[in-house]
Each structure stands twice: as structure tokens, then as C-alpha cells.
Amino acid sequence: MTHQSDVGWRKLNSSERNGGIPLRFFIPNLPNSARFHNRLPTIRRPFPLSHGTTTLGFIFQGGVIAAADTRASAGGLVACPSVSKITPIHSHLVVTSSGSGADCVLWERILIREIRLYQLRHRRCLSISGTAKLLAFMLHPFKGTELCVALTLCGWDKEAGGPKLIYVCSDGTRLQGDVFSVGSGSPYAYGVLDRELRWSLSKEEAVSLAREAVFRATHRDAYSGNNVDLFHITAQGWRRRERENLKEEYYRELERKAKLAEERKRVTL
């Protein structure tokens, strides 16, 4: 069941256009997760199902950049070429998701619900560090199960007065840093980020770097591809750039190589 407010987030290009948060989500009441899991019979899949993706986030002087490809894969099958792997949680926080698609969607909805309930009870928004801690505590009881969720929280913390980037995994791991890339394409994305990332990047340079990192990853990783989604988070909230087909970056790369070859010919002549 998808609530109308969930669909609404997908249509927004900026959090400034909507000051609120989705009011509610339909989440069934579950008993204690450990006892509930122990009572269920273990049902194995008839064949192993591989997952792949490329998501990244990094901090620079202009805020936080979050980027991801849009390919959903199931083993060698491209299940969907246009999945949204970056989900707004509230006006100053988005999460990138890696892992099982169904698990990620469910836990994103649960997180949105808990953040909204906290805001209603305390009349203020939970900090991003507190959000990451809450998510890690909720996920930890499922450690050792087949739950597969890896979320990177990318946002601007009003209380701390600055950008935050925190990685939370389904085993309860919680890590804070300045740059994270998650998924099967992450080693290739890290190769670009480690070479070019610096604090003094301009907004245009940061956007170009994130786009190129995703492109390089999708060029080598068969489980990532199709398009790139990109969000920029500042003190004013998140802003989503228009989805871009990665073939455009491929053509730009061909043009750069052609220009470089011409310059080399001129030097040799």
C-alpha cells in the first residue's frame, strides 16, 4: 500500500516547496522481532538473488551532495531501469538506499513515520545524529537475518549547524564521515572521489564530480546504470536536480577524449 503523501515526495524538486513531512504511512504492527523471527519457518529462495547499485554522498563547502544510479537488478536481470534510490525523509534530510529493494522501501517508510511522530511529540525535528542512532537501534534486532538494508543519511543538521553524512547498515553499524559510497559500483566511484574530492569545490564542480563518479561506476559495474539522480542539501533544505541519462555523460566523455587527442596532435606538430 502506498500512501498519497509518499507519491508526493517524488514529484517535488525542492523541499522549500513543502515545509511539512508526510503525515502518516501504513505500517502493520509487528510483535517482538526476535521472537517473531524464531517462530517463522525458514524459507530459502529457489536460487541466489544478487543485488547491485551505486550510491554516494559527500560533504563540501557548499553542503552535501547525494547521488545514485537508477537501475534495479535481480541477478543478471534488469528488473527496473528507473528506480528512485534517494528518498527525502524531511526538509533537510535524504537517504540513499542499497540492498534489497523491498527492505529499503519498508525501512525508509518506518523511519519517516518515527521522525514525524517525534516532531509531533516534541515540537522539533530529531537531529540527524539522533535519527541515525534511532535507525541503528531499530535495525539491530534483525542482525543475522536475511534483511539487507544499507542507508546513507545525507542532510543538514540545524542543531549542529552544519552538514552531516552517516552510514547505517542492517546489522546496526553506524558510521559518520565526509564521503561514503555504497553498492557493487562503490569501488569505482571511490576511485573518482578520492582523486577529485576536496572541501573547496564549487556547487557546479561538486555536481559534476558526483555525476562522473556514478558514470564511471556504471561503466564498469553491470548491476548499475541507466540514469543518475542527484540531490544537493544546504541550510535551506534539499534540492533535486533533474534526472539525467548516463549516456549523455558518455557522449561528453567522448568529446573530451576527442579534444584531448586534437591538442596532442597540435603539440606534436
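Predicted model: local features only at pLDDT ≥ 70, side-chain atom pairs only at ≥ 80, totals over all residues.

Which residues in α3 meet which residues in α4?

Modeller: On the α3 side, the contact is formed by W107, I110, L111, E114 and I115, which meet T131, L134, L135, M138 and L139 of α4. By class, the residues of this contact divide into eight nonpolar, one polar and one charged. The charged class includes Glu and the nonpolar class includes Leu, Ile, Met and Trp, so E114 of α3 is the charged member of the contact.

As to the geometry, α3 spans residues 101-122 and α4 spans residues 128-139. Their axes come within 11 Å and cross at roughly 125 degrees. An angle of over 145 degrees would count as roughly antiparallel, and 65 to 115 as roughly perpendicular; α3 and α4 are therefore oblique to each other. The crossing in which α3 passes α4 is right-handed.

The loop between α3 and α4 contains R123. Although R123 is not a glycine, its phi is positive, at about 60 degrees. With a relative accessible area of 78%, R123 is exposed.

N226 is placed in the loop between α6 (203-220) and β11 (227-234). Its relative accessible area is 25%, so N226 is partly exposed.

Notes. Residues numbered from 1 in each chain as written. Heavy atoms only, no water. Axes fitted to C-alpha atoms, helices over the stretch in contact; angles between N-to-C directions. Helix = DSSP H or I, 4+ residues; strand = E, 2+ residues; numbered from the N terminus. Parallel < 35°, antiparallel > 145°, perpendicular 65-115°, else oblique. Left-handed = near helix turned anticlockwise from the far one by under 90°. Contact = heavy atoms within 4.5 Å. Buried < 20%, exposed > 50% of the residue type's maximum accessible area, 1.4 Å probe, protein only.
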